[in-house]
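Subject: Structure handover

Hello,

Here is the structure for you to look through. Please open it first, then read my notes on the salt bridges below.

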Amino acid sequence: MFRRLLELTRNLSFLVLIMMSSRKSCSNVLVQAFSLSTKRGAAITTTRAKHHAARKLQQPFTTASSFASSSISKPSISMFNTRLYATETDATETSSSSKSSSPVEPSSTAAPLYSLPPRVKTVDVTLEHYDTSSLPSSLVTIQGWVRTIRKQKTNAFIQVNDGSNLAGIQCVVSLTLTEEREANEATNDASNDYMIDIHRVTTGAAVEIVGRIVSSTGGQQALEVSATSLQVVGDCPPDQYPLAKKRHSLEYLRQTLTHLRPRTNTLAAVSRIRSLLAGFIHSFFQTKRFVYVQTPLITTSDCEGAGELFRVTTLDLDRVSQLPLQQDADEQAKKSKSNKKNSKSNKNEKDGSDEQTATISPQSTSDAVDYAQDFFGKAAFLTVSGQLGGETYATALGDVYTFGPTFRAENSQTTRHLAEFHMVEPEMAFCNLDGAMDNAEAMLKYVVEQVLEHGREDLEFLTQFYDKQLLERLQRLVDEPFARVSYRQAIAYLQEEIAKDPSKWQFPVVEFGTDLATEHERWLAETKFESAVFVYNYPKAIKAFYMRDNDEDNGETVQAMDLLVPGVGELIGGSQREERLDVLVQKLKDCNLNPDDYWWYLDLRRYGSVPHSGYGLGFERLVTYVCGLENIRDAIAYPRYPGNAEF
């Protein structure tokens, strides 16, 4: 204790002298504190406040005044690196430079004096990347969070996960180094200074471990890291950490620990699968020479015509009485017109004014807001689809796709709906409905096949704990062709099945014009066809205005399709778009939509119109399907639904 107190006193003394002699700011001085080393001269260390740990650099000196005049090159230190290393060559070069009589500025092109060994992600510490017969002897860095720690008499086994895979990596730390640390401290040997952190290693703590990849003697893993250095970057109090080792339900995590649930195995696996799915979707369309288009999130058009839109406004809704009303605008226009008329008359100005006031006094109050005074000069909403915007580019670039967030203000609390979700929406010129179904089938098979290959570890975990048939079902989707059935035939199959026992069905009444419920969709996919199935040619009355009418049944049905998959139901919805101008104008009117609001959409039919088709894939539904989840709210980082918009 006395030795350490003496060393601290000397450090503070030299720090004061440096601050007095240097023109640098105090903050820069504090970053580079100087201390003595009784074993091998002197060392420069960075403060633990800045670097989480003190690291000692060998640096000879004679007197305090020599520090002010000598050319000690200040090491380039990154505040994000917590481990620093110095070689004997570095120390020699620094020692030589200190003998100069005049200060020399460090070279701007010089390499940093210290650096971490190469960082290795835990997903890469596998036999595929490392041959056990010729493992590298060089050091590597593992940075991540502690999942578990087991301490034995001589070793501690720390399971570290950096989020790149499910298993993480086992790091073995020798506890005998801890006992040697007291002896090393007596001689100011910093080689084992890191071992002071071993007692801070708890579940959830952020750590940085430097060591060598070696063959594991245990049976749980083939490779492990033999640690030579350990640093706790961020503590995690075990008595306060809410993610205990026990398993939590997905509902509890969703409602209580949304911000921490990515640290669980389940949500981490889902997140990695989601990332793979997104990447391979882009890969599929890019290899097919589709052009990626970003359509606007703010729109004045209702693509679906359902009216379930989130309004975007900058009007002060906290002061309802001051909102501009449509009737006020109309009356203001009347007043302006009347004033112009009165200015030309020979009536008395006062009488005219009284008459005008009586004329424009509103007889009733209107609740219609005048959005002409809003930010965009008209009513604006969050988009429910990027399809209409995608069509404008498809009629110029041929094949395009969008992939972005969409919004729907549907007051639904089901396990299949979100208020904010993502849609993948390709649009293909010179393409009919059959071409759209072919493309959708090829895309889905490709994406799932790639995830089966590259996300196997996570899929096996999800199969074990959530859906025992998951891997088998995904493989069947890749291997077997999708079934195709018309809507009329699907209704006939359902009617035949429901007639056997209507009490088993929540919605036993099914007829032409019925919008299929989830139980109907899943029966068709899981029981009737036992595979993914396209249902096509839906009734016109239950589909959107832009879908092309079928000529063979006098427009009773439209060229629309839905892809139904086992375990989820509807996954994809698409159609051939109506390319005939006169027919499209009439359909807008039939849906109580103003054709003038869609003038730009109609222009696509006026100038070089072509048959074109497209579809929309609900991305979160795809994640739900591939991961075998029951609730779509677990397929997105921060689910938005009625009554919930946390974070």
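Start with a network. Salt bridges link R548, D551, E578, E579 and R580. Keep in mind that this is a predicted model.

One pair in that group is worth a look. D551 and R580 form a salt bridge, with their closest N and O atoms 3.1 Å apart. D551 lies in the loop between strand 16 and strand 17, and R580 lies in the loop between strand 18 (569-576) and helix 17, so the pair ties together parts 29 residues apart in sequence. D551 has 49% relative accessibility, so it counts as partly exposed. R580 is partly exposed too, with a relative accessible area of 22%.

Now find D549. Its side chain meets that of K587 in a salt bridge (2.9 Å, N to O). This pair links distant parts of the chain: D549 is in the loop between strand 16 (533-539) and strand 17 (557-565), while K587 is in helix 17 (residues 581-590), 38 residues apart. Is D549 buried or exposed? D549 is at 9% relative accessibility, and buried means under 20%, so D549 counts as buried. K587 is buried as well, at 4%.

Last, go to R254. The side chains of R254 and D634 meet in a salt bridge (3.0 Å, N to O). R254 sits in helix 7 (residues 250-256), and D634 sits in the segment after helix 19 (619-627). The two are 380 residues apart, so to speak distant parts of the chain, and the pair links them. Both R254 and D634 are buried.

How many salt bridges does the structure hold? The total is 25.

Best wishes

Technical notes. Residues are numbered from 1 along each chain as its sequence is written. This is a predicted model: local features need pLDDT of at least 70, side-chain atom pairs count only at pLDDT 80 or more; totals for chains, interfaces and linings use all residues. Side-chain values use heavy atoms; hydrogens and water are left out. A salt bridge is a side-chain nitrogen of Lys or Arg within 4 Å of a carboxyl oxygen of Asp or Glu. Helices (H or I, at least four residues) and strands (E, at least two) are DSSP runs, numbered from the N terminus. Buried means under 20% relative accessible area, exposed over 50%, partly exposed in between (1.4 Å probe, protein chains only).
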